[in-house]
Amino acid sequence: MDGVLSQEEISALLSDDAGAAGGESNNLLTPDEIDAIGEISNISMGTAATTLFSLVNRKVEISTPVVTIANWDDIIEEYERPCVFIRIAYTTGLDGSNLLVLREQDVKIITDLMMGGDGTNTEVELGELHLSAICEAMNQMMGSSATSLSSMLNKMIDISPPTADLVDLKDTVDGTEIDEFLGGEFVKISFLMEIGDLVKSTIMQLYPPSFAKEMCVGVTETMEADSSTVAAASSQQEPQPAPQPQMQQPMPQQMQQPMPQMQQPMPQQMPMMGMPMYAQQPVNAQPVQFQAFAGDFNPITQQENIGLIMDVPLDVTVELGRTSKSIQDILEFAPGTIIELNKIAGEPIDVLVNGKYVAKGEVVVLEESFGVRITEIINN
């Protein structure tokens, strides 16, 4: 032997290792960690389903997640091709990423509902518009999921904008890239998603084992911190001794005789019940007196401040006359149409300041411009 394995031997070795790993796959996570991951996913995806309902305006139901250990070959065999990969990276609170796998048909239905359709426009080819829409949907869904996760882990959790790609699982995606991202074996969380009567399919969420363990550690630390807080609060409350029953002793004979009732002296001149004390005192009421205005008050001197508003501009309108027309008459207007007004020839015209009628006048000509000569001031 030259120490170099052939391709057949490598494939057989990988197959044997995969079979052996399949028998020991649960060693990646303990049963407690699997339960914790399932509970985290159940709460997170429940919140995400509520968000998706607001986006598609359809009833969204998500089943209880099932947590297993899988490898890339399992995904290729189980899932329909092609599909959409959506990668979500955590930027705050957690260090890692997870991968969502959706069917191409489901993505078309969801995006069509988001765009105001009825979910039946799925004959078109999946394009950038669909990928952008599903990224926005997952951004809001996983954002609300991160909020729930923040409450569970008692720390701030945030995500980066998701990225989506249409892949064929076998022809388009390089298994080496997936191994670098997820590892040879990874945590697969599968759940059934139903959207009305349009979607009923399995969605997968893939976690690297290290990321899954980090979430489990966070949940464990939060639970231990809560338990410590409860224990500290309990220890601060000292137990009170239980009261001992007292034996009734027989009273002495002289104590058994009724005691004479002591007469309390009644205070003199007690007010009636419900009557305030001050009602007994006389009240000295006098008519109110106002100070007279000074005799030297001159309203003219108060007009000196009018100079502050002398520069305020006002709109002056000269109105020759008015009339009322129906919409039909107005639509029949054309060049040359004569409109009869409510003013007689030679009658004074109206002068208005800011829409208020203030004077009457007559039209004059100043060089090449019209003018108005005021003939009467109207006192309103």
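This is a predicted model: local features need pLDDT of at least 70, side-chain atom pairs count only at pLDDT 80 or more; totals for chains, interfaces and linings use all residues.
Biologist: How many helices and strands does the protein chain have?
Modeller: There are 9 helices and 12 strands in the protein chain.
Biologist: And what share of the residues counts as buried?
Modeller: 30% of the 380 residues of the protein chain. The accessible surface of the chain is about 27100 Å², and carbon and sulfur atoms hold 54% of that surface.
Biologist: Let's go inside. Which residues touch the most other members of the largest nonpolar core?
Modeller: Ile86, Leu102, Val187 and Ile195, out of 50 residues in that core. Helix H5, residues 128-153, gives the most to this core, with 10 residues.
Biologist: Next topic, helix H4. Why is H4 said to be largely enclosed by the rest of the structure?
Modeller: Because 9 of its 11 residues are buried; the helix covers residues 104-114.
Biologist: Which residues of H4 are buried?
Modeller: Among them are Glu104, Asp106, Lys108 and Asp112, along with Val107, Ile109 and Ile110. Just after H4 comes Gly116, with a positive phi of about 95°.
Biologist: Asp106 carries a charge. What does Asp106 form a salt bridge with?
Modeller: With Arg103; the closest N and O atoms are 2.8 Å apart. Asp106 counts as buried because its relative accessibility is 1%, whereas Arg103 is partly exposed at 22%.
Biologist: How many salt bridges does a search of the whole structure find?
Modeller: The search finds 7. One of the pairs is Arg373 with Glu362, at 2.6 Å from N to O. Arg373 lies in strand E12 (residues 369-377) and Glu362 in strand E11 (residues 356-366), so this pair ties together parts that are 11 residues apart in sequence.
Biologist: Are Arg373 and Glu362 buried or partly exposed?
Modeller: Arg373 is partly exposed at 46% relative accessibility, and Glu362 is partly exposed at 36%.
Biologist: Give me another pair.
Modeller: Lys343 and Asp350 form a salt bridge, with the closest N and O atoms 3.3 Å apart. Lys343 counts as partly exposed at 22% relative accessibility. Asp350 is buried at 14%; the cut-off for buried is under 20%.
Biologist: Last thing, the surface. Which residues form the nonpolar patch there?
Modeller: Leu320, Ile330, Phe333, Ile339 and Leu341, with about 420 Å² of accessible area together.
Biologist: Where is Leu341 found?
Modeller: In the loop between helix H9 (327-331) and strand E10 (349-353). Leu341 counts as partly exposed, at 33% relative accessibility.

Note on methods
Residues are numbered from 1 along each chain as its sequence is written. Side-chain values use heavy atoms; hydrogens and water are left out. Patches are made of residues with over 30% relative accessible area and no salt bridge: like charges are joined within 9 Å, nonpolar side chains (Val, Leu, Ile, Met, Phe, Trp, Tyr) within 5 Å. Accessible areas come from the Shrake-Rupley method with a 1.4 Å probe; for residues, only the protein chains shown count as cover. A salt bridge is a side-chain nitrogen of Lys or Arg within 4 Å of a carboxyl oxygen of Asp or Glu. Helices (H or I, at least four residues) and strands (E, at least two) are DSSP runs, numbered from the N terminus. Buried means under 20% relative accessible area, exposed over 50%, partly exposed in between (1.4 Å probe, protein chains only). A nonpolar core is a set of buried Ala, Val, Leu, Ile, Met, Phe, Trp, Tyr and Cys residues joined through side-chain atoms within 4.5 Å.
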